[in-house]
Amino acid sequence: DDLLGWKLKQDKVFQASHLDLRYNSPSSKKIYFWKNRISLDSNLTTTVKLDFLRPTNSYFTFAPSISLTINEFLTLTFKASSRNDVIYRYIQKFTNFEPKIPGEENIFKDLWNSFAFWDENKRKASGFKLKSLDIGLSHQLHDWTLTSQFTITPRQISENGKKFYDFSPYFTLSVVWKPMNSMKTTIEDEYGTVTLNP
C-alpha cells in the first residue's frame, strides 16, 4: 500500500517465501614470491537473498579479503564488507510493483557511483554501502603470537534531531603463549559454567 506499506493478505496461498544464493570461493592456490617465502592469498564471499513476499527486502552482500604472509614471521590481512539493500530497484521496471523505488536502476552505474568520491550526492544515492573495513596483523614470535586488528564500521548516530555517520575505529591487541593452548580453564558465574579450551 502506498501509504501503509506492506499489508497481510487475507487469502492463504502456498508460495515460496525467499531464495538464498551463496558463494564462497574455494581455497585458492597461494601465489608465492621470493623463493616461496612470501605468499598471497585471496577469498570472496557473496550472498544474494531474494524475498518473494516483500521484494524490497531483498539484498546482496559482497565480502572480499586478501592476505599477505611472510614465511613464519608475519601475516597481514585486509577485509571489506559491502551490502546493497535496494537490489529490487534494478529489476522493478520488469514488474508491476508500485510505488517505484527511486534511484539508479542500472546496477553497473550504481556500483560505479559508489566509488564517486568526487560527487558526494551520487555516492550517498548509491545502493552499495560499505559495512566494515578490517586490517589484521599476526606476528609469529616462536612461542608467542602477537595479533592485532583495526576495524572501521560506520554507525549512524542521531543527536539533536540530526543524523550523521561515525567512523570511529576499533583496535584490538593480544599476545598468546602457544604452550598455553593445551591448558583448560573453567569459569563459573551466576549464569552457569563456561569451559575454555576443552
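**Secondary structure and pockets of the predicted model**

From the N terminus on, the elements of the protein follow the order β-β-β-β-β-α-α-β-β-β-β-β-β-β. The model is predicted, and two helices and twelve strands make up its elements.

The protein comprises 198 residues, of which 19% count as buried. Among the contacts with a separation of 6 or more, 44% are formed by residues 24 or more positions apart.

Rolling a probe the size of a water molecule over the atoms shows where empty space is left. The largest pocket holds about 870 Å³ of space. Its lining consists of 20 residues, and Ser114, Arg123, Phe128, Lys129 and Leu130 are the closest to the centre of this pocket. By residue class, the lining of the largest pocket contains twelve nonpolar, three polar and five charged residues. At least two lining residues are supplied by each of β4 (59–70), β5 (74–84), α2 (120–125) and β6 (128–141). The largest share, four residues, is contributed by β6.

Trp6, Lys7, Leu8, Lys9, Asp11, Lys12, Val13 and Gln15 are among the residues that line the second largest pocket, as are Phe52, Leu53 and Arg54. This lining divides into five nonpolar residues, one polar residue and five charged residues.

Notes
Residues numbered from 1 in each chain as written. Predicted model: local features only at pLDDT ≥ 70, side-chain atom pairs only at ≥ 80, totals over all residues. Heavy atoms only, no water. 1 Å grid on protein atoms, 1.4 Å probe; cavity = no way out; pocket = protein on both sides within 12 Å on 5 of 7 lines; lining within 4 Å. Points joined across faces, edges and corners; volume = space filled by probe spheres on them. Nonpolar A, V, L, I, M, F, W, Y, C, P; charged D, E, K, R; others polar. Buried < 20%, exposed > 50% of the residue type's maximum accessible area, 1.4 Å probe, protein only. Contact = heavy atoms within 4.5 Å.
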